Structures are given as structure tokens and as C-alpha cells.
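Dear colleague,

Please find the structure below. The findings follow directly after it.

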Amino acid sequence: MKARAFSYARPSTVMEALEAFEGSGEDASYIAGGQSLVPALALRLQAPQLLIDIAHIETLRGVELQGDWLRIGALTRHCEVLADPLIRMHAPLYSEAAPHVAHPAIRNKGTLGGSISHADPASEFPAMTLALGAELEIANRDGTRRVAADDFFVDLFQTAIEPGELLVAIHVPVVRPGHRWAFHELARRRGDFALVGCGILAEFADDVVEEIRIAFFSVGSTPIRARQAEDSLMGKRLDQAAIAAAQALVGDDIDPPEDEHVPPAMKRHLARVLLGRLLGQIARQAP
């Protein structure tokens, strides 16, 4: 199939993009890297009258340290997430996840903001946004607002972005000396969507867990925090008993959909295995 005929706009500012969307009668789509939208257009899963190309808006680019927060422009490409030293230093779960995102051709075009806005529950970056405790900066005609990652992912491919609004930046609280982190996913082949994936960011004091965020992907309609497992680890040392207790709870935290190829029971098993591996890895990071 081919995409339906559409009009094209190439704004140079965020406000021009928002005005173009409003002028379309809300029958428009924003496009940047296009790694998800272009296939959807070709299959006519989406058929907007207007395509708004935001790839040339310079204010949507750049990575900048702003006090205790790292601001990452929404147009930052996957390959830049992988290579950027500020991201590796201050938001390392993005850097850890980036090599697992599809293949180099896609990483060279796809954008971090596009991945997060698309909110595919099997994608790495939305879940790492959740694990990092990031805030999403969203622009509309009245200005901008920031939404916590915990409130951003609403349902399958649905986010807190309202029609016509545009994600302009991701704000990540920088990691501190007491933080430890780990990421991994289980997939049939490198570059395939993961069967189960997980990222963990934990803060320790005297080898005791003070705060922890465990985010899974490919196990529900959105990226999911394993809150029962998190609660079980608070105030604990990461010994074998604490890890086993968290593993026992994680099956109740996630909600794998029915799948004839990988049934929910198998995904829960894989999630327990992966959580045990990652918590063990974090435990070994002790100074």
C-alpha cells in the first residue's frame, strides 16, 4: 500500500508547528525521524491531511546540563543518545539501552522524543524514561508544561500529550554518587523487540537501598514500574533473600498480554529471571 495524499508543512519554530496543526483542523501529524510514522502512513493506519515536519526546528535539539537536571532535546537521535558524553554521565540508562534499539539505520534517524511520544510498550526508551524519573516538557499554544514520567504513559500508544501539543524536551534528574543502575533485555535476536526488558536506577546509603525505580517493557500496555518489588527492597541490603523476595512479587506488578507465541506465564518467569540478574549486578557495584 501507499500513503494517502497529504499536504506538507516545514515550520522553523515550535509555535509555527503548533499553528500549522491548529490550522489543519487537528487532522495532522508531526514527523521527525519518521521511523514509526512512515510505516503507519504506508499501511494507512494513519492518514492525516497534513504532515508537519519538525526536523528542522533547532530549539528541539541539543543536550544541556541545567543544575541538577539534564535537558535533552526531543530531536536528539538514537545514535546521539548512544554517543553523547553528558547523557552517558548523567542519564546512563538511556546510553545503556541505546545499543539495543533496533538497528543502526533506524538509530541514525529515529529520535528520542519520537520514541517516547509513540509510547510503544515494547520500546526501550519509554521505559528508561520511567526508570530515570524524568519529566517531559510539552508545548502548546499557551506555553509549556512538564509532566512526570509516572503520569505520562496513559495506555497503549497513549500519552499525556493532548492533540496538537508537541514534546519539546526530556528533563532527567542527574544521577548522584550514591546511584547504581543496570539495564538488560531478553530478545530472540539483537535488534528485535524484547520478550522482556528492564532498567533499574537505585540510590544507596551505606549499602542500603534508599530509593529504587524498576521499569519493565514488553510486559503490558505501557512501560510498567514494579512498585511491589520496589517497596520490598526499600531499606534493605541487596542480599540473596532481598532479591528473592523482590522476584517473588514482580509477577504481580506486570500485566503481560495474551500471546500465542510467548504466553503471560512465560513473560512473568522471564521478568523474574531478568530482575534477579539485574539486582545481582547492582549488588556487585558496591564500592
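The largest nonpolar core has 39 residues, and Tyr 94, Ile 116, Phe 152 and Ile 170 have the most contacts inside it. Such a core is a set of buried Ala, Val, Leu, Ile, Met, Phe, Trp, Tyr and Cys residues joined through side-chain atoms within 4.5 Å; buried means under 20% relative accessible area, with a 1.4 Å probe and protein chains only. Helix 8 gives the most to this core, with 5 residues. Apart from it lies another core of 31 residues, including Leu 195 and Val 262.

This is a predicted model: local features need pLDDT of at least 70, side-chain atom pairs count only at pLDDT 80 or more, and totals for chains, interfaces and linings use all residues. Residues are numbered from 1 along each chain as its sequence is written, and side-chain values use heavy atoms, without hydrogens and water.

Helices (H or I, at least four residues) and strands (E, at least two) are DSSP runs, numbered from the N terminus. In helix 1 (residues 14-23), Val 14, Ala 17, Leu 18 and Phe 21 are the buried residues. Seen down the helix axis, they fall within an arc of 95°, so they line one face of helix 1; the arc is that of the directions from the axis to the C-beta atoms. After helix 1 comes Gly 25, with a positive phi near 70°.

Strands 11-12-13-14, in that order, form an open sheet with antiparallel pairing, where two strands pair if DSSP finds at least two bridges between them. Its edge strands are strand 11 (179-186) and strand 14 (224-225).

Key. Buried means under 20% relative accessible area, exposed over 50%, partly exposed in between (1.4 Å probe, protein chains only).
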